[in-house]
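Hi,

Here is the structure I promised to pass on.

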Amino acid sequence: MVNRVVGSLMRILEVTLGVALIAIVLLNFANVVGRYVFNHSLLGAEEVQVYTMIWIAFLGAGIVTWRNMHLRMDAIAINFPQPVKTALRWIEAALAIAVVGYAITQSSWFYVNRIFAFGSKSDVAHIPMWIPHSAVLIGLGLVIIMLILRAAGFGAPPIEDPESAALEQRQ
Amino acid sequence: MTLALVVVPLVLLLLGFPIFLVLLTSVTAMLMFVMGIQPAVLHQNLFGTINQFALLAVPFFIYAGELMGRGSVAQRLVDFVQSAASPVRGSLGITTVGTTTIFGAISGVSAAAVATIGKVMYPAMRKAGYPDHFAAGLITAVGAIDIIIPPSIPMIVYGAAAEESVPRLYAAGIIPGLLIAGMLAAYVIWYCRKHDIGRGSPFEWKRFLYATQRGLWALGAPFIILGGIYGGVFSPTEAAAVACIYAGLVTRFVFHELTFKDIVEAASATAVFSAQILIIVACAGVFSWILTSNQVPSMLAAWLQHYSVTPWMFLLAINVLLLAVGCFLDPLSAILLLTPLLVPMVKAIGIDTVHFGIVVTVNLAIGLFHPPFGINIFVAQSVLGIPLKVLYRGIIPFLFVYLVALAIITYIPDVSLIGVKLLMGK
């Protein structure tokens with residue numbers, strides 16, 4: 001049940017991020033066409049693209065965590081005996097929750113609140129800066145939720161592609 | 001400090017913890033127990049590191065490659081190269097090298113090239129009498145060219161980490177990529193002559209023209225990307241976006257292979273793949289800031305100067321280090337972990353950072369197929385169903401070809417820098 005609901009939510013998020021990616025590709029292209037054909041660039045387009053990429057990176061990290069797709073150097077660890085592997089999985093989960101939790105509570109929460117209170121805006125598009133900065137806060141929050149779910153025994157297998165299939169085979 | 005910056009990350013890395021967590025743990029330990037400064041710098045650097053327009057090229061180039069890789073682009077490129085190389089001894093092997101090189105100028109994702117081109121070329125080479133280990137070794141090894149030939153995702157990441165210009169790195173990657181392709185092709189011809197396999201067939205203009213017509217749209221992508229960048233029309237990021245639009249239009253409206261749903265699907269996969277990379281980029285940015293704030297790179301540079309280490313010795317040591325690291329770590333993570341430490345030393349010792357970027361990329365490209373753990377070995381094993389024993393046997397001669405090329409690229413900087421001079425004038 002939990003796997004199905006979270007899996008569906010992650011899938012919706014994945015497609016949303018995909019559509020966002022297409023949108024910034026089109027915006028970038030429109031800017032190139034605008035510059036050469038109409039001698040006019042879209043003001044603030046670069047900021048919108050970069051901030052969208054930051055949202056894609058941090059929200060996408062939640063999906064990556066849910067599917068256990070984070071890049072790691074596991075060539076040595078795969079040869080450990082099963083009890084050691086299990087113990088390491090628990091240590092990894094505890095450490096990740098502690099460290100990401102520290103980043104959220106001691107750094108991001110404080111920073112986003114401060115930037116919201118200051119009301120600072122981006123230089124060209126005048127986007128309130130708390131919006132792009134919230135990507136870090138919300139993305140890391142999503143990562144920690146996924147870490148807790150995975151520690152509780154939930155989680156999805158990685159998507160089937162040659163590279164992840166190869167990694168799986170290597171294990 | 002040594003515990004937090006060296007011991008903790010090294011132990012966690014060896015235990016197989018995710019790279020982003022390794023970096024974040026080290027950073028958190030430094031902030032909490034050593035530096036005693038406001039933790040706000042953590043957020044500031046996580047955000048600031050990926051708040052760069054140049055990094056947009058990472059998801060854009062991956063997306064262009066995803067779109068091109070999902071249709072019949074690989075088959076069209078194979079047909080084109082094969083029709084041109086047919087009279088030459090070992091034409092199927094040369095077709096594999098040529099197609100992968102052109103594919104690298106579109107995609108820049110090595111595993112994708114091994115899987116896509118391998119599926120087409122491995123059965124064909126076996127059918128033509130090439131030994132299994134030779135065909136398997138060639139397919140696995142040749143994919144590494146894709147991260148050397150521009151557009152290269154590792155070069156964008158190196159550019160961001162070393163504050164080096166991506167167009168200069170791309171210009172520098174062209175000749176080394178072509179050199180490796182040429183050396184591989186030469187080895188294929190020598191091997192086929194020695195074992196009397198892969199006899200050529202007469203060149204047919206009709207076949208060549210037909211294959212050229214079919215492959216023309218696929219061949220257009222590298223011209224748009226590189227022509228656009230060096231013609232001064234686009235920045236690398238814009239070239240990447242134009243490549244996405246081109247790939248979308250060609251696969252949807254010219255080849256009629258992808259539906260709009262497939263185009264969104266490719267974008268979704270790209271978003272997740274990009275997040276895998278960018279989260280490490282963000283954490284590596286904080287790690288790099290911590291190193292710089294604690295003057296670690298300048299201490300290392302001073303140490304090098306104190307012991308009068310020459311560029312020759314330094315590059316030799318770097319090659320050994322990177323070849324070892326590349327066996328275990330993917331190129332992007334290795335670049336992000338090592339660049340902040342190595343680049344200040346490189347500058348102190350008087351090595352060009354563009355040349356060094358190419359040396360790093362070639363080393364880590366070799367790591368992609370270096371036994372026993374190179375990722376492309378497992379891609380070939382998984383996708384083509386080749387036993388590991390056969391793959392290891394087949395890879396070794398190609399590994400030597402790459403090592404000779406690496407020595408040339410390392411010790412003759414002009415092999416890389418001539419491309420920069422020719423394309424960018426300085």
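Let me start with B:Tyr191, which counts as buried at 8% relative accessibility (buried is under 20% relative accessible area, exposed over 50%, partly exposed in between, with a 1.4 Å probe and protein chains only). Before I go on, the ground rules: this is a predicted model, where local features need pLDDT of at least 70, side-chain atom pairs count only at pLDDT 80 or more, and totals for chains, interfaces and linings use all residues. Residues are numbered from 1 along each chain as its sequence is written, chains are lettered from A and ligands numbered from 1 in the order in which they are written, and side-chain values use heavy atoms, with hydrogens and water left out.

Back to the rings. Over all chains, a search of the whole structure turns up 19 aromatic pairs; rings of Phe, Tyr and Trp (its six-membered ring) pair if their centres lie within 6.5 Å, and planes under 30 degrees apart count as stacked, over 60 as edge-to-face and the rest as tilted. B:Tyr191 is stacked with B:Phe134, at 4.1 Å centre to centre and 10° between the planes. B:Phe134 sits in helix α8 (residues 132-142) of chain B and B:Tyr191 in helix α10 (residues 166-194) of chain B, so the pair ties together parts that are 57 residues apart in sequence. (Helices are DSSP runs of H or I, at least four residues, and strands are runs of E, at least two, numbered from the N terminus.) B:Phe134 is buried too, with a relative accessible area of 2%. Both rings belong to a cluster that ring pairs build from B:Tyr130, B:Phe134, B:Tyr187, B:Trp190, B:Tyr191 and B:Phe398.

Now for a tilted one. The ring centres of B:Trp217 and B:Tyr246 are 6.3 Å apart and their planes are at 40°, so this pair counts as tilted. It links distant parts of the chain, with B:Trp217 in helix α11 (residues 205-230) of chain B and B:Tyr246 in helix α12 (residues 236-254) of chain B, 29 residues apart. B:Trp217 is partly exposed at 41% relative accessibility, while B:Tyr246 is buried at 14%.

On to the interface. Here 67 residues of chain A are in contact with 69 residues of chain B (contact means heavy atoms within 4.5 Å). The two chains bury about 6100 Å² between them, 77% of it on carbon and sulfur atoms; that is the accessible area (1.4 Å probe) that two parts lose on being put together, summed over both. In chain A, the residues that lose the most area to chain B are A:Leu71, A:Met73 and A:Tyr102, together 13% of what that side buries.

The rule finds 2 salt bridges across the interface of chain A and chain B, a salt bridge being a side-chain nitrogen of Lys or Arg within 4 Å of a carboxyl oxygen of Asp or Glu. A:Arg35 and B:Glu238 meet in a salt bridge at 2.8 Å, N to O. α1(A) gives the most to the side of chain A that touches chain B, with 16 residues.

Finally, some backbone details to check. B:Pro150 and B:Pro151 are joined by a cis peptide bond, with omega about 0°, and B:Pro151 is in the loop between α8 and α9 (153-162) of chain B. B:His256 has a positive phi near 55° although it is not glycine, and is exposed, with a relative accessible area of 59%.

Cheers
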